[in-house]
Amino acid sequence: MVGSRQQHDAALPPGTTGVIRIDLDQLAANWRVLAALGRPAECAAVVKADAYGLGAIRCVPALATAGCATFFVARLGEAIEVRALAPDAVIYVLDGLLPGAEQEYSRIRARPVLSSLEEVQALAAFGRATGTRPAAALHVCSGLNRLGLPKADVLSLSQEPGLWAQIDLQLIMSHLASADAADDPKNAQQLETFQLLRSKLPVTPASLAASDGMMLGPAFYCDLMRPGYALYGGQPSGSQRTPVEPVVTVHARVLQVRDVAVGASVGYSGIWNAARPSRIAIIAAGYADGIPRSGSASNGCENGAVAFGGILSPVVGRISMDLITVDVTDLEPGSCQSGDWAELIGPTITLEEAGRRAGTIGYEILTRLGPRFQRIYVGGG
Ligand SMILES: *Cc1c(COP(=O)(O)O)cnc(C)c1O
């Protein structure tokens, strides 16, 4: 669609003003590359938040067809959706076991990632009461201090070996705090703590690395890797390139191009004034579509940007709910007209670049892209 006026238009419902194009073949290729990198460790796929906003309904089957047999989600509701899409897969739910949820886990054959002594006890009690031995993962804290059992609780669990007669412990996992910085000493410290905590528990497969952790080398692969963002083409590590390619492009339509006189302001609160006779393109995407308002730009500060034919055009003025205004004065006449498509994410503006320009990260850009974008899937059989 970049640099082209008509391409794709025939396939779109009339009035479409925003398109997310998702390459399912590239998604599958990214999974295969990461799986090969970490072999013989198994490679799971993290598909929480509707596959990072790209649509679990299409991404989960594409990943399963590529060979992925284990999925992680955050919420139990997400696991229900994934179970319908991948009937044979192993599904872990990072939220853990909320009170009263045991039966639902059992019904959909999903595994809670247990994060507290209370959750462990509750699942064991459910196993006793039902004469079953429910499968689960145990999340231990190696230094992130978010979810996961602290060391003292792991030690007290180690005094109760009888518990594991009631719970089918399939995985011990932890999560890294600073894996996006390869030289941060915290990575090695967390690995050491994780190995120590594992040694207190029954011998069980282990999982430590998300996308960025996979770039720290084989010591971090353990038995199961848990990439999310890199599968979707993101570059999670600030210090190393991850060998994946982009999966997503995002384009929005130019509604109008208007001339603005010297001194005139553009947009709410007049935070930007034209210093020269300017041409301003009005683009049909705004913060309700997940374009961060923090990418707004006042005079002398360039924040958000879009691109036409590989050339950046900076946001001027406030990003509003439905619209972005960008300065296209420097483009060749004719390369930005009403009806054209502006690249919001693509070959010129990566997810990381879009994140940086809005004071956030590519993850947030990706997962907040809103429902008003038309999602178009290519590939995927
Ligand atoms: C989200 C998440 C992942 C995946 O992280 P990415 O950086 O997207 O690869 C893995 N593990 C846990 C615990 C997570 O919360």
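Select Phe 72 and Tyr 92 in this predicted model: both residues are buried. Now colour by secondary structure. Phe 72 belongs to strand β4 (residues 70-73) and Tyr 92 to strand β5 (residues 90-93), so the pair ties together parts that are 20 residues apart in sequence. The model has 3 aromatic pairs by this rule.

The charged end of Arg 226 sits over the Phe 72 ring, 6.0 Å from the ring centre.

Next, select helix α3 (residues 56-66) and helix α4 (residues 76-85). Their axes are 9 Å apart, and the helices pack at an angle of about 50°; α3 and α4 are therefore oblique to each other. The crossing of the two is right-handed. To see the contact, show the side chains: α3 contributes Ala 56, Ile 57, Val 60 and Pro 61, which meet Glu 81, Val 82 and Leu 85 of α4.

Go to Pro 40, in the loop between α1 (24-38) and β2 (42-43). The peptide bond joining Arg 39 to Pro 40 is cis, with omega about 10°.

Then move to Arg 109, in the loop between α5 (102-108) and β6 (111-114). Arg 109 is not a glycine, yet its phi is positive, near 55°.

Finish at Cys 222, in the loop between α9 (211-214) and β10 (224-225). Its phi is also positive, near 50°, again in a residue other than glycine. Cys 222 has a relative accessible area of 19%, and buried means under 20%, so Cys 222 is buried.

Methods
Residues numbered from 1 in each chain as written. Predicted model: local features only at pLDDT ≥ 70, side-chain atom pairs only at ≥ 80, totals over all residues. Heavy atoms only, no water. Phe/Tyr/Trp six-rings, centres within 6.5 Å; stacked < 30°, edge-to-face > 60°. Helix = DSSP H or I, 4+ residues; strand = E, 2+ residues; numbered from the N terminus. Buried < 20%, exposed > 50% of the residue type's maximum accessible area, 1.4 Å probe, protein only. Lys NZ or Arg CZ within 6 Å of the ring centre and 35° of its normal. Axes fitted to C-alpha atoms, helices over the stretch in contact; angles between N-to-C directions. Parallel < 35°, antiparallel > 145°, perpendicular 65-115°, else oblique. Left-handed = near helix turned anticlockwise from the far one by under 90°. Contact = heavy atoms within 4.5 Å.
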